[in-house]
Every structure is written in C-alpha cells, then in structure tokens.
Amino acid sequence: MKKILFALLSIVALQTNAQKYLTKTGTIKFVSKAPLETIEGVNKSVASLIDTKIGTLDFIVQIKSFVFDRQLLQEHFNENYMESTKFPKAIFKGNIENISAVNFSKDGEYEAVTSGKLTIHGITKDIKQKGKIVIKQGKAVLASSFNVLLADYNIAIPGAVKDKISKEVKIEINCTLEPIK
Amino acid sequence: MKKSIKLILAATVLAIIVAFIGFKFVNKPVNDYAEKEVNANFHFAQIMDKVSNDTASLSELKDKLVGIDGNIKSIKNEADAITIELGDSNTMSSVICQIDKRYTKDFNQLKTGEYIALKGIITGYTIDTDLGFGNTVEMNYCTKNSK
C-alpha cells in the first residue's frame, strides 16, 4: 500500500513540478488578406519550449514546413518571399514576463505577456506580445495572434502581385506543450 | 466565311485555351507524393545518426521524397490534420511528419507505440544542443510508405 501511495505521489509531483514544457507539433498559421486574394499557410510541426523556472519561451519554425493548398503558392512563398533555402528557420527567443502569475500546477486561463527577439528572413526584431496560457490536465496551451509587417523583415512584394498579398500578415499561434518528465 | 471572322474565331478559341491552362496552372493543388518512388529509405535510428554525425548527406535529402520507418511516439489528430512524431521515450530526438490531408483517413486508427513506415518531403532539420528540444527532422505531405 505504501509503495502504491509513493508511486502515485511521485506521478503527481512530476506533473505539478515540471520545469519544462515542450511540443514539437505546435501550430502556426499565417493569413494574408489582400483585396484580390486571401492566402493561408499552416505549419503543424512547430517546436516550442517553456522553462517555467527561468521564464523563457522559445519557438523554432521550419519555413519549408508551411503547407498550402496550391503548389504555386508553396513555391512562391519559399522561393520568392521567404527565400527559405537561404533563411530556413524563423526563431523566437524570449521570456514570459509575468511567468509568476501563471500557476502551471492549477487548471486555469492566464494572460501572458511575452517579449523577446523574433528572427524571420534573417532579420531580428524585438517584439512584445500578449497571449493566453491555458493550463489543463497538466498541459499548457499557448495561444496568441498578432500582425507582422512584411517590410519589417525585408520581405518584398513584387508589384505584379501587390493586390494579392497583404503588406501585413496575421500570425496565429496555438501550441499544446506537455511537461518533460 | 470571311477570313477576318475566321481569324477572330481562332483568336477567341486560342485565348480561351490559354486562360484555361493558366487557371489550371495557378490553381494546381500541391503535389501528391503517394504513388511516387522515394529517393531513399531510412530507419529512425539511421536518420537520427545522420543529424548527429553526417549533416552533409542529410542536407542533400532536403526537398527530396524520403521514406522513414519507426515507432510512433505521439499522434496529434485534429479535425482536418494529423501530425505524427516518430521516436521513443529514451530520446528527445524525433521525426515530425505532417500527414498529407488527402490521406489522413489512412492514419485514423493508429496508436502510440505502433511501428509505421512513412514517406514525405524532408523540409529541414534542427540540431539542438542547449534548449532541450532534442534533434528534429521534419517532413511534409507524408503518406504511408509501402516501399
């Protein structure tokens, strides 16, 4: 009986005191709404890691892993705009500023403020965004949505397609991170 | 029929054909690799060994159709998409496969721990030495690989 109790307590301790939360199957979607066309790309192999002890948040996004419905969009996205052979990854390295306000061992919804360095297309910018962390059954669900100006990251839109691609794209993040045991 | 009318008719037909081809080209769905031959096949351990020790040959596999077999570490099954992680509990390193949404029905019954052979386009890899992600290989438009 003591052994069973000890095993149960150990499992609970692992779940409630996990220091790091990880996913490699997070989702990032971008939406470009232009007068003539709406373009969407989805990447469901986003890696994200939270270290709850020091409050760090990291994302690694392989650009070529974005999926499109049409072949031509896929090719233009990688070859003409993101130049993904030259700049294969987008990376965010930052912090959850109010990490102490998030109770990772208690189910609930918490507002989170993140800040850090976002690198896209070889350009690194400081960003600060609000998001949401939902703790449910030991998992941490990150959700955030923000806009990115393509010009900020030196992504040029050729004049011929300026009515088909928005100068500002919406980025939607949804990642379910699990504790590393 | 007058020559000028014939010319106008021919030009109209030609314009319709060009517009049709252009429309088909612009709206062509992403490539379907289900029936295509793979460039190479690897077991999970072999591809992970390449990430650790031979990135030169791994880089040559980028954008190529490659078969990888191994055990399912996790499955993320959403409304319109399935993502499978190949690996095991002994390592953080894994292969992430986004299943081609035209073939998700082939993967609905799979369970964690099962062995599977997949093929897909290698989109890249990540070598992680400090963050704790482990090494990762990513593949897109994955389908079952019958070899």
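This passage walks through a predicted model of two chains, A and B, starting with chain A and ending where the chains touch. Residues are numbered from 1 along each chain as its sequence is written, while chains are lettered from A and ligands numbered from 1 in the order in which they are written. Because the model is predicted, local features need pLDDT of at least 70 and side-chain atom pairs count only at pLDDT 80 or more, though totals for chains, interfaces and linings use all residues.

Chain A has 2 helices and 8 strands (DSSP runs numbered from the N terminus, with helices being H or I of at least four residues and strands E of at least two). Read from the N terminus, its elements go α-β-β-β-α-β-β-β-β-β. The strands β1-β2-β3-β4-β5-β6-β7-β8 of chain A make a closed barrel with antiparallel pairing, where two strands pair if DSSP finds at least two bridges between them. From one strand to the next, the twist averages 25° (axes are lines fitted to C-alpha atoms, for helices over the stretch in contact, and angles run from 0 to 180 degrees between N-to-C directions).

As for overall dimensions, a box of roughly 75 × 30 × 30 Å along the principal axes holds the C-alpha atoms of chain A. Of its 181 residues, 29% are buried; a residue is buried if 20 or more other C-beta atoms lie within 10 Å of its own, exposed if 12 or fewer, and partly exposed in between, with C-beta atoms placed from the backbone. In soluble globular proteins, nonpolar side chains tend to be buried together. The largest nonpolar core here has 33 residues (such a core is a set of buried Ala, Val, Leu, Ile, Met, Phe, Trp, Tyr and Cys residues joined through C-beta atoms within 7 Å). Tyr21(A), Val46(A), Ile50(A), Val61(A), Ala140(A), Leu142(A) and Leu177(A) touch the most other members. Setting aside neighbours within four places in sequence, Leu142(A) contacts Ser48(A), Gly131(A), Ile133(A), Ile173(A), Cys175(A) and Leu177(A), a contact being two C-beta atoms, placed from the backbone, within 7 Å. Another core, of 26 residues, lies apart from that one and includes Ile82(B), Leu86(B), Ile96(B) and Tyr125(B).

Chain B splits into domain 1 (1–30) and domain 2 (40–144), with bounds from an automatic or database domain assignment. Their centres, taken over C-alpha atoms, are 44 Å apart. In chain B, β4(B) is largely enclosed by the rest of the structure, because 6 of its 6 residues are buried. Ser94(B), Ile96(B) and Gln98(B) sit on one side of β4(B), with Val95(B), Cys97(B) and Ile99(B) on the other. β4(B) runs antiparallel to β3(B), with 4 bridges between them, and Leu86(B) is opposite Val95(B). With β6(B), the pairing of β4(B) is parallel over 5 bridges; there Ile96(B) faces Glu138(B). By contrast, Asn41(B) is partly exposed, with 15 C-beta neighbours inside 10 Å.

Finally, the two chains meet through 23 residues from chain B and 22 residues from chain A. On the chain B side, β2 (65–77), β3 (82–86), β4 (94–99), β5 (115–126) and β6 (136–144) each give at least two residues.
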